[in-house]
Amino acid sequence: MSNNSNNDLKLVKSFAMIAILEAISYLALLFVAMPLKYFMDMPEAVKYTGWAHGLLFVLYVGMLLACWITYRWGFLRVVMFFVGSLLPIVPFLVEKRLKKEYNL
């Protein structure tokens with residue numbers, strides 16, 4: 001895929017960035033906001049972190065679908081990337097794989 005121009009890779013670069021942000025927001029929700037809610041009686045932490053994570057998750061899925069169409073990714077790859085987004089660490093691996101594959 002290294003013969004693609006920079007413009008051709010704009011979408012996959014954005015998707016890789018969203019993958020990282022989505023993973024960070026998920027980890028923040030699980031390991032910062034949830035303990036604050038349940039151990040420090042601060043439900044606002046989950047409210048705002050959850051909202052941000054939800055927005056980033058929707059962006060992740062939308063960009064995944066756009067990449068599927070634009071780059072003609074296989075169905076299995078798209079399913080794996082989607083299922084991976086449900087686990088807190090996997091989007092980091094998605095970003096790493098995309099960087100290697102597309103020379104980002």
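Colleague: Which residues touch the most other members of the largest nonpolar core?

Modeller: This is a predicted model, in which local features need pLDDT of at least 70, side-chain atom pairs count only at pLDDT 80 or more, and totals for chains, interfaces and linings use all residues. Residues are numbered from 1 along each chain as its sequence is written, and side-chain values use heavy atoms, with hydrogens and water left out. A nonpolar core is a set of buried (under 20% relative accessible area, 1.4 Å probe, protein chains only) Ala, Val, Leu, Ile, Met, Phe, Trp, Tyr and Cys residues joined through side-chain atoms within 4.5 Å. Of the 18 residues in the largest core, those touching the most other members are Phe15, Tyr60, Trp73, Phe81 and Leu98.

Colleague: Which helix supplies the largest share of this core?

Modeller: Helices here are DSSP runs (H or I, at least four residues), numbered from the N terminus. H1 (10-40), H2, H3 and H4 (90-102) each supply at least two residues of this core. The largest share, 6 residues, comes from H2.

Colleague: Are H2 and H3 roughly parallel or roughly antiparallel to each other?

Modeller: Axes are lines fitted to C-alpha atoms over the stretch in contact, and angles run from 0 to 180 degrees between N-to-C directions. H2 (residues 43-71) and H3 (residues 75-85) pack at about 170 degrees, with their axes 11 Å apart. Angles under 35 degrees count as roughly parallel and those over 145 as roughly antiparallel. H2 and H3 are therefore roughly antiparallel.

Note on methods. Parallel < 35°, antiparallel > 145°, perpendicular 65-115°, else oblique. Buried < 20%, exposed > 50% of the residue type's maximum accessible area, 1.4 Å probe, protein only.
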